[in-house]
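Work through these exercises with the model open beside you. Try each task before reading its solution.

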Amino acid sequence: MQKSMLNKLCCPMDKSELHIEIYKEDETGEVLEGMMTCPDCKRYYPIIYSIPIMTPDDYRQKELEAPMLKRWGLEMDASKPETFQLASPSRVAIEK
């Protein structure tokens, strides 16, 4: 996914602007891995293999996303098991 496309995305739940962190990109500026978070509803949407995962909560599986979050040093908010929210803000360095 090209960085320029990130500006066109919004939170599918409440249409808010997303905060974007890039964890891995290639030499052409293609975002390979990253995290988009909504400052209003606090949901997260990963970018995996250059694809933004923005499906509704009902169609996502926490067991599939947990290994990726662990690799990035993140974890889901255990106090809200029904939603896809992070327990703490992202603190992973950008890899190029």
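**Exercise 1. Which residue forms a salt bridge with Asp 57, and how far apart are the closest N and O atoms?**

Solution. This is a predicted model: local features need pLDDT of at least 70, side-chain atom pairs count only at pLDDT 80 or more, and totals for chains, interfaces and linings use all residues. Residues are numbered from 1 along each chain as its sequence is written, and side-chain values use heavy atoms, with hydrogens and water left out.

- Step 1. Apply the criterion: a side-chain nitrogen of Lys or Arg within 4 Å of a carboxyl oxygen of Asp or Glu.
- Step 2. The partner of Asp 57 is Arg 43, with the closest N and O atoms 2.8 Å apart.
- Step 3. Asp 57 sits in the loop between S4 and H2, Arg 43 in the loop between S2 and S3, 14 residues apart. Helices (H or I, at least four residues) and strands (E, at least two) are DSSP runs, numbered from the N terminus.
- Step 4. Check burial: under 20% relative accessible area is buried, over 50% exposed, in between partly exposed (1.4 Å probe, protein chains only). Asp 57 and Arg 43 are both buried.

**Exercise 2. Glu 33 forms a salt bridge with Arg 71. Which of the two is buried, and which is exposed?**

Solution. 

- Step 1. The closest N and O atoms of Glu 33 and Arg 71 are 2.6 Å apart.
- Step 2. Glu 33 has a relative accessible area of 16%, so Glu 33 is buried.
- Step 3. Arg 71 counts as exposed because its relative accessibility is 53%.

**Exercise 3. How many bridges pair S2 with S3?**

Solution. 

- Step 1. Pairing needs at least two DSSP bridges between two strands.
- Step 2. S2 (residues 31-37) and S3 pair antiparallel over five bridges.
- Step 3. Met 35 stands opposite Pro 46 in S3.
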